[in-house]
Amino acid sequence: MSKTVGIDLGTTFSLVAWVNPETGRPECIRGPYGTSLCPSVVSLDEDGRIVAGEPARRRLLTQPERTIYSVKRLMGRGVDDVQDELRRFPFRIDPESHNVIRVRLGERYFTPPEISAFILREVKGWAEEFFHEPVTRAVITVPAYFNDAQRQATKDAGRLAGLEVLRLVNEPTAAALAYGLDREQRGRVAVYDFGGGTFDVSILKLIAEGEGDIYQVLATSGDTHLGGDDIDNLLLDLARGEIRRDLGFDFAEYPESLQDLRKTLIAAKHELSHAAETTVRFLLPGELAYVRRLTRDGLDRLIAPVVDRTFGPVRQALSDARFKPSEMDEVVLVGGSTRIPLVRSRVEDLFGRAPHVELDPDEVVALGAAVQANILTTGVQGTLLLDVTPLSLGLETMGGVVAKLIPRNSTIPASAEELFTTGVDNQTGIDLHILQGERELARDCRSLARFRLPVEPAPAGMARVEVRFTIDASGILQVRARDLKTGQERTADVQPSYGLSGQEIERMLVESIDFAEQDFAERQLIEARNEAETILHATEKSLAGADDNSLDPAERASISGAVAALRQAMAGTDYRLVRERTDELNEATTPLAELLMDRAIRSALEGKKLAEI
């Protein structure tokens, strides 16, 4: 039997983990760059090859029109749903997109599940390299507040990546599973999950029963449009505004520089998690320099509205579970954004206790997914996971009113049934419109599916139709309608309005064979060439900005020789030689980088004092 893994398919980073049978504990698998974090970025080569992970992230600077990040924000959503994202992110949507969004990379179009599948294939490849055997089954995590369409899109992505998705697990629930291995306490647990693109909160009850544990989710809430990306965007907007005002520089013609600035600001944000202040130094085209002192207090003031938005869902989940913040026995922090000191202090203020941060907040969800994968594949009975459905499910009835069959926060797997009848004389069929949401009217809820059940003509109110909703452990819905008089019935696995049809999935699977069969050596060469392209591009820009008289002739000759040697290596097929020549060019350009930065900083400091927030 092939290995089974747990995968955290994240907005910013994705991870893969397994349970080590020797220790019985979950561990994240590291990739070729020595880290367990795989950037959730995908890029399309000019020759049509797909690159995912770290090599794709580097292309955000050099080929932004062929590269996409944060695609999780588009999963299971329609064009009308993503207008806010289109203003913030460089998503290029096919204008002919209808039910399924299609994103443009270069000259080709891809659906969000296809792009997510490339990311899943990348971490799947990490695991296969680690195990030296195929990996075909996985438990994948999703935000707790993902609706049915978003969950189905995630399962589609898993299938496209060649994985049997054993189960979808809510991210906060997975975090509780991971922490459950390390602590003896039992009781009420709040899991605060603040990631790159989504925010979730879950209230769980951990119960010791015999020799095992029961993880019962009591309530969940969240916001699928709230995350660390929003904090990054605030910093980017601030810097862009100051650069436009003080330096007269517009990024419209320099998208590569804008992505580079974003990266610099994110690094500054990270530094302020353990320092009181830092200085941003960014070199712009035309020998302009942006120098800006950032303080932690200033950052706190800037991002406080974003952090405060997380506590609306927190209070909603506590209210649904009928608890006060002070009644929580444990508080667990998950997601990279919880490293921000302001987040940790606000959470501690609300709950009146210090949150747990013993496990790496980036890895904890993947670790929990691995625990659940191990439970499902080994039959270990020591742990029982009782998750919940995040949104109510129901049917449209006369007048456009919603009849809710399964309320939100119902424990899953779950089922419910109800009798319906006709509203007009001599109806020959009943139209069933399945909805998801908390509003009372159908027009305010999300449409999941429609189908028709034939009935015999009769006076209004005479027909008896039994409708049964069944939700599986992954939160996916099946609907069955049966005419009690004739026994005729219709059953439908609900294919959400924004899901992919079976034919589309089969077509994508066929198209993916070439990518799946690429051998590891070819992948290594692609990654090495991508890294080389990045440094060559940066070197050319730096040389163009340096005066002939400012750089020592010997140093310029050394750089020119290293560039020529690297280009020659890139024309071959030895990835080790490409990496070696790349390192040599990096070393040769160190004096050039120092020269340009020193000159830019001197110019900026002479012009005006450092600004502060």
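## Briefing on buried residues, sheets and aromatic pairs

Cys-38 is buried, with a relative accessible area of 0%, where buried means under 20% relative accessible area, exposed over 50% and partly exposed in between, with a 1.4 Å probe and protein chains only. This is a predicted model, in which local features need pLDDT of at least 70 and side-chain atom pairs count only at pLDDT 80 or more, while totals for chains, interfaces and linings use all residues. Residues are numbered from 1 along each chain as its sequence is written, and side-chain values use heavy atoms, with hydrogens and water left out.

**Cysteines**
- Cys-28 also counts as buried, at 16% relative accessibility.
- A search of the whole structure finds zero disulfides, a disulfide being a pair of cysteine sulfur atoms within 2.5 Å.

**Helix α9**
- Helix α9 covers residues 311-321, and its buried residues are Phe-311, Pro-313, Val-314, Ala-317, Leu-318 and Ala-321; helices (H or I, at least four residues) and strands (E, at least two) are DSSP runs, numbered from the N terminus.
- Seen down the axis of α9, these buried residues fall within an arc of 155 degrees, so they line one face of the helix; the arc is that of the directions from the helix axis to the C-beta atoms.
- Just after α9, Arg-322 takes a positive phi of about 65 degrees.

**Sheets and strand pairs**
- Four strands form an open sheet in the order β20-β19-β23-β24, with antiparallel pairing; two strands pair if DSSP finds at least two bridges between them.
- The edge strands of this sheet are β20 (401-406) and β24 (446-454), each of which pairs on one side only.
- Strand β23 (residues 429-436) is joined to β24 by eight bridges, the two running antiparallel, and Leu-432 has Phe-451 in β24 as its bridge partner.
- Strand β25 (residues 465-471) pairs with β26 in the antiparallel sense over seven bridges, and Phe-469 stands opposite Val-479 in β26.
- In a regular strand the side chains alternate between the two faces of the sheet.
- Strand β26 (residues 477-483) has a covered face made of Leu-477, Val-479, Ala-481 and Asp-483, and an uncovered face made of Gln-478, Arg-480 and Arg-482.

**Aromatic rings**
- The structure holds ten aromatic pairs; rings of Phe, Tyr and Trp (its six-membered ring) pair if their centres lie within 6.5 Å, and planes under 30 degrees apart count as stacked, over 60 as edge-to-face and the rest as tilted.
- The rings of Phe-194 and Phe-199 have centres 5.9 Å apart and planes at 85 degrees, so this pair is edge-to-face; Phe-194 counts as buried at 0% relative accessibility, and Phe-199 is buried with a relative accessible area of 0%.
- For Phe-249 and Phe-251 the ring centres are 5.0 Å apart and the planes at 85 degrees, so this pair is edge-to-face; Phe-249 counts as buried at 8% relative accessibility, and Phe-251 at 4%.
- One aromatic cluster is formed by Tyr-192, Phe-194, Phe-199 and Phe-311, and Phe-311 is also one of the buried residues of α9.
- Lys-72 lies over the face of Phe-146, at 6.0 Å from the ring centre; a charge sits over a ring if NZ of Lys or CZ of Arg is within 6 Å of the ring centre and within 35 degrees of the ring normal.

**Positive phi in loops**
- His-132, although not a glycine, has a positive phi of about 60 degrees; His-132 is found in the loop between α3 (112-131) and β10 (135-142) and is exposed, with a relative accessible area of 67%.
- Asn-426, in the loop between β22 (414-420) and β23, has a positive phi near 60 degrees as a residue other than glycine, and counts as exposed at 51% relative accessibility.
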